[in-house]
Amino acid sequence: MIEQRIKELTGHDLPTAPKPLAAYIPAIQTGNLVMTAGQLPFKEGKLLSEGKVGYDVTEEKGIECAKQSAINCLSAIKTVIHDLDRIEKVVKLTVFVSSAIGFHSQPKIANGASELMVQIFGENGKHARSAVGVSELPMNAPVEIEMTVQVK
Amino acid sequence: MIEQRIKELTGHDLPTAPKPLAAYIPAIQTGNLVMTAGQLPFKEGKLLSEGKVGYDVTEEKGIECAKQSAINCLSAIKTVIHDLDRIEKVVKLTVFVSSAIGFHSQPKIANGASELMVQIFGENGKHARSAVGVSELPMNAPVEIEMTVQVK
Amino acid sequence: MIEQRIKELTGHDLPTAPKPLAAYIPAIQTGNLVMTAGQLPFKEGKLLSEGKVGYDVTEEKGIECAKQSAINCLSAIKTVIHDLDRIEKVVKLTVFVSSAIGFHSQPKIANGASELMVQIFGENGKHARSAVGVSELPMNAPVEIEMTVQVK
């Protein structure tokens, strides 16, 4: 049901999580929490954009990257719980935004992810969130997101 | 009792948490943990300072900002548990400091928040903490803090 | 047993955790999770390197720093659980890499820590991980790591 909702909202099936790289895994369960590794805005094997938001990446593109990273968090969570309907609520998002000097609208970028969670999960999608501007992200990605959800 | 203690230490009543913006909420409970969203040093609707610590914000001002952000974390937690006396212990603080090039005293800034927690909660205020320097924070805030507490 | 394994892998006894500074503690337990404070690559009281990876710190040195920070996380955890054999699994690593402009290989640096966890703990060492590039770290350290483990 949740996967169907994601497809309606994004126009795409939930992607398969990237293969575990080296020594870490896309997500892990501890008690009834599932925490993801930091997810980049990969789509079909390529980053949606590269660079810093407010410089070579527009706000609009940054928001798209936040959405895609959040979708990839859900893919990562699926590797652990197999069925996204087992998500009871979204607990926490930490959104790192690769930011141009003087760019201070990290919350606007992060809202791309936060609003998508509420569109997908309704009231259970409302979460605590931090949005932080950083100087460099892996592979020159504009956004990296980690997510914690509570499962039943 | 804890709120009374905060008033004694800061000279102010605990402020009301900012209204939930868009799709995220100031704090959330999962099990017996309450986690806040990243809190900025707002006081009466305005940031205490703007800019980077070590450049246009002094260390002293940065410490004040860390204290205010920590107070705002407690306000955020209150939206969930209603009574701060239900806090059993402070678990974790992550302190992001918007840092001038070459500024490496993030722990000194973060101590503003950490020491306040011990003043308020005594032994139960002792927490694990990370202090990290970042390039840009939302609204040009000098400090952003997220807090996790254990509640009874 | 785990400490013996660490000695075999690193050639050193597990160091003693640094004394608690001011108002925070090296690690804390909540339920069956133990979370560390952000750990820097100190070895025998000195940072292994200072500066930014990709500028004045080589990738190779950065990887060493990640390993040392991870070892120090284990030392921090030991202050709480006394015996590292009580670690059931490694849950999460957040790896902050002080990054030169244009340096995007944070995952390569973070792998130093991630791979060491798998060498030490085997399957139970596989964790979720975020690697983020930041502009400045405390004391000009090249790497800062926080770790969460599940204990029995």
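**Entry 1**

I started with Met35(C), which stands opposite Thr148(C) in E7(C). This is a predicted model, where local features need pLDDT of at least 70, side-chain atom pairs count only at pLDDT 80 or more, and totals for chains, interfaces and linings use all residues. Residues are numbered from 1 along each chain as its sequence is written, and chains are lettered from A and ligands numbered from 1 in the order in which they are written.

I then looked at the strands around that pair. E2(C) and strand E7 (residues 143–151) of chain C pair in the antiparallel sense over 3 bridges. For my own reference, two strands pair if DSSP finds at least two bridges between them. Helices (H or I, at least four residues) and strands (E, at least two) are DSSP runs, numbered from the N terminus.

On to the neighbouring strand: E1 (residues 27–30) of chain C is joined to E2 (residues 33–36) of chain C by 4 bridges, and the two run antiparallel. Here I found Gln29(C) opposite Val34(C) in E2(C). E1(C) and E2(C) make a hairpin with 2 residues between them. In the turn, Gly31(C) has a positive phi of about 60 degrees.

**Entry 2: the sheet in chain B**

I traced the sheet of chain B next. Its 5 strands form an open sheet in the order E1-E2-E7-E5-E6, with mixed pairing. At the edges I noted strand E1 (27–30) and E6 of chain B, each of which pairs on one side only. From one strand to the next the twist averages 15 degrees; axes are lines fitted to C-alpha atoms, for helices over the stretch in contact, and angles run from 0 to 180 degrees between N-to-C directions.

Which strand runs antiparallel to E5(B), joined by 9 bridges? I found strand E7 (residues 143–151) of chain B. Val97(B) stands opposite Val143(B) in E7(B). H3(B) packs on the sheet, touching E5, E6 and E7 of chain B, and its direction makes about 160 degrees with that of E5(B). Contact here means that the C-beta atoms of two residues, placed from the backbone, lie within 7 Å.

**Entry 3: Ala70(B)**

I picked one residue to look at closely. Ala70(B) is found in helix H2 (residues 59–81) of chain B. Is Ala70(B) buried or exposed? I have Ala70(B) down as buried, because 27 other C-beta atoms lie within 10 Å. The cut-offs are 20 or more other C-beta atoms within 10 Å for buried, 12 or fewer for exposed, and partly exposed in between, with C-beta atoms placed from the backbone.

Not counting residues up to four places away in sequence, Ala70(B) touches Ala113(B), Leu116(B), Met117(B), Ile145(B) and Met147(B). Met147(B) is 77 residues away from Ala70(B) along the chain, yet their C-alpha atoms are separated by 7.7 Å.

**Entry 4: chain B and its neighbours**

I looked at the contact with chain A. 22 residues of chain B are in contact with 25 residues of chain A. E1, strand E2 (33–36) and E7 of chain B each supply at least two residues of the side of chain B that touches chain A. E1(B) gives the largest share, 3 residues. By class, this side has 13 nonpolar, 6 polar and 3 charged residues. The classes put Ala, Val, Leu, Ile, Met, Phe, Trp, Tyr, Cys and Pro as nonpolar, Asp, Glu, Lys and Arg as charged, and the others, Gly among them, as polar.

The contact between chains B and C takes 25 residues from chain B and 22 residues from chain C. Strand E5 (87–98), helix H3 (106–121) and strand E6 (128–134) of chain B each supply at least two residues of the side that touches chain C. That side divides into 10 nonpolar, 11 polar and 4 charged residues.

**Entry 5: how the copies relate**

I superposed chain B on chain A: a turn of 120 degrees and a shift of 0.0 Å along the axis give an RMSD of 0.0 Å. The two copies are thus related as by a three-fold rotation axis.

**Entry 6: confidence**

The model has ipTM 0.94 and pTM 0.95. Chain A averages a pLDDT of 94, and 97% of the residues score at least 70; pLDDT is the predictor's confidence in each residue, from 0 to 100.

Conventions:
Copies are superposed by least squares on the C-alpha atoms of residues with pLDDT of at least 70 in both.
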